[in-house]
Amino acid sequence: MARTVRRPARLRGTLHVPGDKSISHRAALFGALATGTTRVRRFLAAEDCLSTLACLRSLGIEWQLEEESRGVATLALTGAGLHGLQEPDNVLDVGNSGTTLRLLAGILAGQPFISVLTGDDSLRTRPVDRVIEPLRQMGAQLSARDDDSLPPLTIRGGPLRGIRYRPPVASAQVKSAVLLAGLFAEGETVVEEPQPTRDHTERMLRSMGVDIETEAASTDGPPAAGGIRIRPPAELAPLDLRVPGDISTAAFWLVAAAAHPDAELTLTDVGINPARSGVLNALSQMGASIDIGEERTAGEEPVADITVRSSRLRGIELGGELVLRMMDELPALAVAAAVAEGKTVVRDAQELRVKETDRIALLTEQLQRLGVAIAERPDGFEIEGGARPGSLHGERVNGGGDHRLAMALAVAGLLAEGDTTVEDEASVMVSYPGFWEDLEQLGTA
Ligand code: S3P
């Protein structure tokens, strides 16, 4: 099914975006290991987190989900304790979700049984060697297709020992997998990140009573964030939390409103964890008018209301830590860059090539169809922005089943001349089931 988007005369309103995907996954997975009942409000009831819940059910976990509106639900889940998961009697299907794959691998490495993780066509192209390597060092047996690099991934868990590990790529999923295995290991486990990544795992485990701390950054050797050290707990306390709005979802509306000539949008209760909110910094550097309201907390996470208005955007150069703090938002940012004045260059984003699709290649190809002057770099892209005659015009586009590309292309459609038809409409279900309804409501409000 396809969806057609046109440029609305005005873009106005207030949106309560659905709950954060990373935090929803973690709340379900960690809650399953806790002793007692976990309650999660504003749980993201989208395909990715439903895959996590389905895997947990196969591991013997009971839960109920009450959906309040599209994609927004309350989860009640009965934890089995650290040693209560049961051997699944079938393959575990993580669907499209790389986070489920990597985080569950860490948990399953510490279980006294065999499990097999697989997923959809996209998922089976995502690297697993990055979790196999450290989990083997800890004592688990893992193997995977294509010389231990691609799912399906087989895990024979068992007694683990703590390690000190420095991942070759900065990845919150790899860090989390190792820390989760550390819950079951003998002795302490330390992850030395090459660069700091999102810290939702650390914040949430700490709130569950786990002894987890960040060592002081070392002064010799290559620059690195301080190691994150975890000691195995006797048990985990259950969670009672409200998930912040997902900044990765909010990013589409931030870009749409900043780039549209007559717009003002307010997004309420959005997570602004500094490790995730690079998109706010990048858009501000581009000249976007963004007001961040009073900071509050939801669970262990900072949240705020964000208001964004039509702005004159200019191109910027970005790389390094800023890019790491907004990796998932780069497709949306590319759309802002397309209408900004001057050139935008994105570097250090090679990880985009191993996301749900090769986002560098596909984003370039599809934005070119809409008339954007974008060129691939091995580690990112360059966009010559500005409205030239015929630039940004409607076309048929296809995000290759990648939710974030489909939404970025739809936002481009809100800014383009003529009709833009997004062919893979249903892919938004992975992270934002109400996307098309919200888009319709904002454009016509
Ligand atoms: C995620 C971490 C990021 C991000 C992904 C979700 C997480 O990947 O791109 O969408 O929930 O831990 P990395 O593991 O590459 O940091």
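In which strand is the place of Asp 269? The place of Asp 269 is in strand E17. The model examined here is predicted. In it, Asp 269 has a positive phi of about 55 degrees, although Asp 269 is not a glycine. Asp 269 also forms a salt bridge with Arg 242. The closest N and O atoms of that pair are 4.0 Å apart. The cut-off for a salt bridge is within 4 Å.

The protein is divided into two domains. Domain 1 comprises residues 3-19 together with residues 244-441. Domain 2 spans residues 21-242. The contact between them takes 35 residues from domain 1 and 30 residues from domain 2. The C-alpha centres of domain 1 and domain 2 are 28 Å apart. About 2,700 Å² of area is buried between the two domains. Carbon and sulfur atoms give 48% of that area.

Polar and charged pairs cross this interface. Between domain 1 and domain 2 the count is 5 salt bridges. Across the interface, 19 residue pairs are in polar contact, with both residues at pLDDT 80 or more. By class, the residues of the side of domain 1 that touches domain 2 divide into 13 nonpolar, 10 polar and 12 charged.

The structure as a whole holds 45 salt bridges. One of them joins the side chains of Arg 276 and Asp 20, at 3.0 Å from N to O. Arg 276 lies in the loop between E17 and helix H9 (278-285). Asp 20 lies in the loop between strand E2 (11-15) and helix H1 (21-33). The pair therefore ties together parts that are 256 residues apart in sequence.

A ligand is also present in the model. The residues around the ligand are Ser 22, Arg 26, Thr 99, Ser 171, Ala 172, Gln 173, Arg 198, Asp 328, Glu 351 and Lys 355. Three of these side chains are described here by distance. For Ser 22, a polar side-chain atom lies 2.7 Å from an oxygen atom of the ligand. For Ser 171, the distance from a polar side-chain atom to a ligand oxygen is 2.6 Å. Asp 328 places a polar side-chain atom 2.7 Å from an oxygen atom of the ligand.

Backbone geometry was examined next. Most residues other than glycine have a negative phi, and most peptide bonds are trans. Asp 146, a residue other than glycine, has a positive phi near 55 degrees. Asp 146 is found in helix H5, residues 145-148. The positive phi of Asp 269 is likewise about 55 degrees, and Asp 269 is in strand E17. The peptide bond from Pro 151 to Pro 152 is cis, with omega near 0 degrees. Pro 152 is found in strand E9, which covers residues 150-156.

How values were computed. Residues are numbered from 1 along each chain as its sequence is written. This is a predicted model: local features need pLDDT of at least 70, side-chain atom pairs count only at pLDDT 80 or more; totals for chains, interfaces and linings use all residues. Side-chain values use heavy atoms; hydrogens and water are left out. Domain bounds come from an automatic or database domain assignment. Contact means heavy atoms within 4.5 Å. Buried area is the accessible area (1.4 Å probe) that two parts lose on being put together, summed over both. A polar contact is a pair of N or O atoms within 3.5 Å; within protein, one must be able to donate a hydrogen and the other to accept it, and residues adjacent in sequence count only if both atoms are side-chain atoms. Ala, Val, Leu, Ile, Met, Phe, Trp, Tyr, Cys and Pro count as nonpolar, Asp, Glu, Lys and Arg as charged, and the others, Gly among them, as polar. A residue is near a molecule or strand if one of its heavy atoms lies within 4 Å of it. Helices (H or I, at least four residues) and strands (E, at least two) are DSSP runs, numbered from the N terminus.
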